[in-house]
Amino acid sequence: MLIGNATLPDGTTADVRVDGETIDAVGDLGGGGEADVDATGKLLMPGAIDVHVHFRQPGFSHKETWATGSRSAAAGGVTTVVDQPNTDPPTVTGDAFDEKAALAADSLVDWGINGGVTDSWEPDSLFDRPLFALGEVFLADSTGDMGIEAALFDDAVELAADNDVPVTVHAEDADLFDEAALDAADDGIGKDADADAWSAYRPAEAEAAAVERACEVAADSGADLHIAHTSTPEGIDAAADAGATCEVTPHHLFISRDDLPELGTYGRMNPPLRSEPRREAVFERVADGTVDVIATDHAPHTVEEKEATIRDAPSGVPGVETMVPLLLVEATATDGAFGYERVRDLVATNPAEIFGLDAKGRVAEGYDADLALYDIDTGREIRGSDLHSNCGWTPFEGWTGIFPEWTTVRGTVVWDGEEFGENDGRNVRN
Ligand SMILES: NC(=O)N[C@@H](CC(=O)O)C(=O)O
Ligand SMILES: [Zn+2]
Ligand SMILES: [Zn+2]
């Protein structure tokens, strides 16, 4: 397949030849007349690598499945996903890994599976499997109540280092949570809930404190540490100062506590939304390259589940389908804070490098043909009902996104703008 005259994120124009699963050549290949795909004026991006999704199987397939989650990914230009361990059973043993890996056979996109840590984990059998990373290791409870004590964290990081497996951490310190703020919340339901109480309950200081501790533990053992979903400038700076990598979610990048009166419980997640000044400071660190990765923490829950008080509603928002579309709108804006190269680095090149995916994350000869083509002149309104997640809603309802015209995984079209193709997603660690 020859893709003719595409614009790459750096602004250059090139033909891209795909042979089987691989990019065979990039350059002037006479693509003008002979191309199978005329990409003139369109942006060709490497498929995004979302190192943080919750596809909910086994255990919670009413929220999401590997089939629905991976379709949502493909329709949003994401070609590799990494699933987190807070399923049922939690992915803390070799057997639980195998059970999840069998379900991941339904995935349209390539995938990795993280192993988690609880009191009843079985590290020997877990590290025996082709894990993507150890993580997200929960330093405080979130969905699934997998928060662990300090001593267990120390042991787990040490074992990960011994096994040459990177560690990703959900960094919040529960000792700094303000229970009184949550007790004071009113009993409004769903969009009428007192959602700001969640942000007051899990304050910014709790993130920085946990990031610092995680960095100290990793330094002692020599583990490679990546901080999941950093939501504060303090947390990002603490990670960067200690030499850890970090990720930011689209929701912490684009929305803040100011949006909670409208979102209600649909805006409850961990870590919570922060003040508008903190959101702006996070944005600056994404734009200037201090932040290494954007990952979605795609955490679907149904509308029925979200229709509860702020105390009872589950934490988490979907995001895998809207991440790249939202980032491309920012990059296309004439006064945008970052451009297409930054987007490429944040969603593809950097995650591939950090986690050692040597064949992914670039539009270059010899790399996997994981590609997505965008017409940057055609943004469209985001509607939960148009998206492909099982959960049926989005915190970005009514925002504009630039969605891919098509997406390929290792040369196979998995989304053509209207329909999904067929593909056997692979474990990127096999
Ligand atoms: N982020 C969330 O609020 N929820 C996640 C868990 C997590 O990543 O902490 C979920 O699985 O629902
Ligand atoms: Zn988390
Ligand atoms: Zn998560």
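A word on conventions: residues are numbered from 1 along each chain as its sequence is written, and chains are lettered from A and ligands numbered from 1 in the order in which they are written. What you see is a predicted model, in which local features need pLDDT of at least 70 and side-chain atom pairs count only at pLDDT 80 or more, while totals for chains, interfaces and linings use all residues; side-chain values use heavy atoms, with hydrogens and water left out.

Let us begin with ligand 1, which sits in the largest cavity. Here a cavity is a set of points, on a 1 Å grid over the protein atoms alone, where a 1.4 Å probe fits but cannot get out, and a molecule sits in it if more than half of its atoms lie within 2 Å of its grid points. Around ligand 1 there are 17 residues, and the closest are R56, N86, S142, T143 and D297; to count, a residue needs a heavy atom within 4 Å of the molecule. This shell has three nonpolar, 11 polar and three charged residues, where Asp, Glu, Lys and Arg count as charged, Ala, Val, Leu, Ile, Met, Phe, Trp, Tyr, Cys and Pro as nonpolar, and the others, Gly among them, as polar.

Now find the open sheet, where five parallel strands run in the order β9-β10-β11-β12-β13. Strands are DSSP runs of E with at least two residues, and helices are runs of H or I with at least four, numbered from the N terminus; two strands pair if DSSP finds at least two bridges between them. At the edges lie β9 (134-138) and β13 (293-294), each pairing on one side only. Strand β12 (residues 245-248) joins β13 through two parallel bridges, and V293 is the bridge partner of E247.

Elsewhere, β2 (residues 13-19) and β3 (residues 22-27) pair antiparallel over five bridges, with D19 bridged to T22. Two residues separate these strands in a hairpin, and G20 in the turn has a positive phi of about 65°.

Finally, look at the backbone. The D88 to P89 peptide bond is cis, with omega near 0°, and P89 lies in the loop between β7 (78-83) and α3 (94-103). Another cis bond joins G135 and E136, with omega about -20°; E136 belongs to strand β9. D164 is not a glycine, yet has a positive phi of about 60°.

Conventions: On a 1 Å grid over the protein atoms alone, a cavity is a set of points where a 1.4 Å probe fits but cannot get out, and a pocket is an open set with protein on both sides within 12 Å along at least five of seven lines; lining residues have an atom within 4 Å of a point.
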